[in-house]
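Good morning, colleagues. Please look at the structure on the screen while I take you through its sheets, its ligand shell and its backbone.

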Amino acid sequence: MDHPSAILDDLEQFVVKDAPPTVYYIPDFITGIEESHLLQQVYKATKTKWTQLSNRRLQNWGGLPHPKGMLGEKLPDWLQKYCDRISALGAFGGKTANHVLVNEYNPGEGIMPHEDGPLYHPTVTTISLGSHTLLDFYRPISSQEPEDAPQTEESRYLLSLLVQPRSLLILQDDMYQRFLHGIQGTHQDSITDKVANVSAAGSIPGALLTRGTRVSLTVRCVPKVVRANVLLGRK
Ligand SMILES: O=C(O)CCC(=O)C(=O)O
């Protein structure tokens with residue numbers, strides 16, 4: 001299926017202007033009925049589909065990204081539908097998303113600051129289900145800083161984005177390629193003036209939000225896909 005090679009002009013209204021390029025935050029991208037249906041599908045998966053990590057659990061769909069290419073696996077229809085819908089916005093340079101990570105965070109759980117790296121088309125898109133979270137962004141560790149100036153997570157903190165259930169978040173450019181993102185393992189989020197999309201996410205500085213269980217669908221495109229026999233070194 002052909003998709004636009006750049007993000008549609010219609011999405012300009014969703015750009016978060018108080019963040020570096022480029023963040024699109026689209027509230028209510030899916031309906032409450034779609035949210036319930038997606039959660040049902042996520043929790044229908046067998047126990048073996050889940051990987052338990054120390055601070056969250058996840059399901060990997062579409063194949064395992066690898067520098068030599070991902071051995072692609074067909075996505076189930078309930079995920080393919082959203083890969084198509086997000087790709088039709090032009091999020092992946094004309095390509096179609098082919099990989100989805102499902103993360104489940106109970107209150108108090110999170111993910112360490114990290115970059116998504118070079119195996120993906122440089123765009124990450126996330127649908128949130130069940131609860132809000134606060135996604136925090138950090139400058140990378142710089143080799144320019146004097147050695148006696150310690151670069152703590154606190155000193156590298158840049159801003160946060162409030163992602164509400166049913167929203168779609170799209171990160172591109174510096175927000176994908178330069179800055180790291182992570183989620184604090186906390187039970188409550190204080191909304192400060194560092195939340196760059198505060199009004200678009202329907203909140204105000206000073207608010208205190210209590211987390212529930214959040215499930216995120218991280219929808220991405222792995223451009224390099226290989227056949228099994230290529231990966232195994234056969235012709
Ligand atoms: O749950 C999220 O919104 C972030 C997930 C994430 O950063 C990842 O899977 O790499």
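Strands E8 and E9 run antiparallel and are joined by six bridges. Helices and strands here are DSSP runs, H or I of at least four residues for helices and E of at least two for strands, numbered from the N terminus. Within this pair, leucine 135 has leucine 161 in E9 as its bridge partner. E8 also runs antiparallel to strand E11, residues 180-183, and three bridges join these two. There the bridge partner of phenylalanine 137 is histidine 181 of E11.

Before I continue, two remarks on the source. The model is predicted: local features need pLDDT of at least 70, side-chain atom pairs count only at pLDDT 80 or more, and totals for chains, interfaces and linings use all residues. Residues are numbered from 1 along each chain as its sequence is written.

Is strand E8 mostly covered or mostly open? E8, residues 133-138, is mostly covered, since five of its six residues are buried. A residue is buried if 20 or more other C-beta atoms lie within 10 Å of its own, exposed if 12 or fewer, and partly exposed in between, with C-beta atoms placed from the backbone.

These pairings belong to an open sheet of four strands, ordered E6-E11-E8-E9, with antiparallel pairing. Its edge strands are E6, residues 111-114, and E9, each of which pairs on one side only. From one strand to the next, the twist averages 20 degrees; axes are lines fitted to C-alpha atoms, for helices over the stretch in contact, and angles run from 0 to 180 degrees between N-to-C directions. E6 and E11 pair in the antiparallel sense over two bridges, and isoleucine 111 stands opposite isoleucine 183 in E11. Two strands count as paired if DSSP finds at least two bridges between them.

I turn to the other sheet. Seven strands form an open sheet in the order E1-E10-E7-E14-E5-E3-E2, and the pairing is antiparallel. E1 and strand E2, residues 50-52, are the edge strands, each pairing on one side only. Neighbouring strands of this sheet are turned against each other by 20 degrees on average, direction ignored. E5 and E14 pair in the antiparallel sense over seven bridges, and leucine 101 has threonine 218 in E14 as its bridge partner.

Which strands does helix H2 touch? H2, residues 77-87, packs on the sheet and touches E3 (57-61), E5, E7, E10 and E14, its direction making about 60 degrees with that of E14. Helix H1 lies across E5, E7 (123-129) and E14, and runs at about 95 degrees to E7. Contact means that the C-beta atoms of two residues, placed from the backbone, lie within 7 Å.

Next, the ligand. Around it are Leu101, Asn103, Ile111, Asp116, Thr126, Leu135, His181, Ser216 and Thr218, where a residue is near if its C-beta atom, placed from the backbone, lies within 6 Å. The elements giving two or more residues to this shell are strand E5 (99-105) and strand E14 (214-220). By class, the shell has three nonpolar, five polar and one charged residues. Ala, Val, Leu, Ile, Met, Phe, Trp, Tyr, Cys and Pro count as nonpolar, Asp, Glu, Lys and Arg as charged, and the others, Gly among them, as polar.

Now the backbone. Most residues other than glycine have a negative phi, and most peptide bonds are trans. The bond from proline 21 to threonine 22 is cis, with omega near -15 degrees; threonine 22 sits in the segment before strand E1 (23-26). Aspartate 28, not a glycine, has a positive phi of about 50 degrees and lies in the loop between E1 and helix H1 (32-44). Aspartate 28 is partly exposed, with 13 other C-beta atoms within 10 Å. Arginine 166 also has a positive phi, near 80 degrees, and its place is the loop between E9 (157-163) and E10 (168-172). Arginine 166 is partly exposed, with 19 other C-beta atoms within 10 Å.

Finally, the chain as a whole. Its secondary structure comes to five helices and 15 strands. The radius of gyration is 18 Å, close to the 18 Å that the globule rule gives for 235 residues, so the chain is as compact as a globular protein of that length. The radius is taken over C-alpha atoms, and the rule is 2.2 Å times the number of residues to the power 0.38. Of the 235 residues, 34% count as buried.
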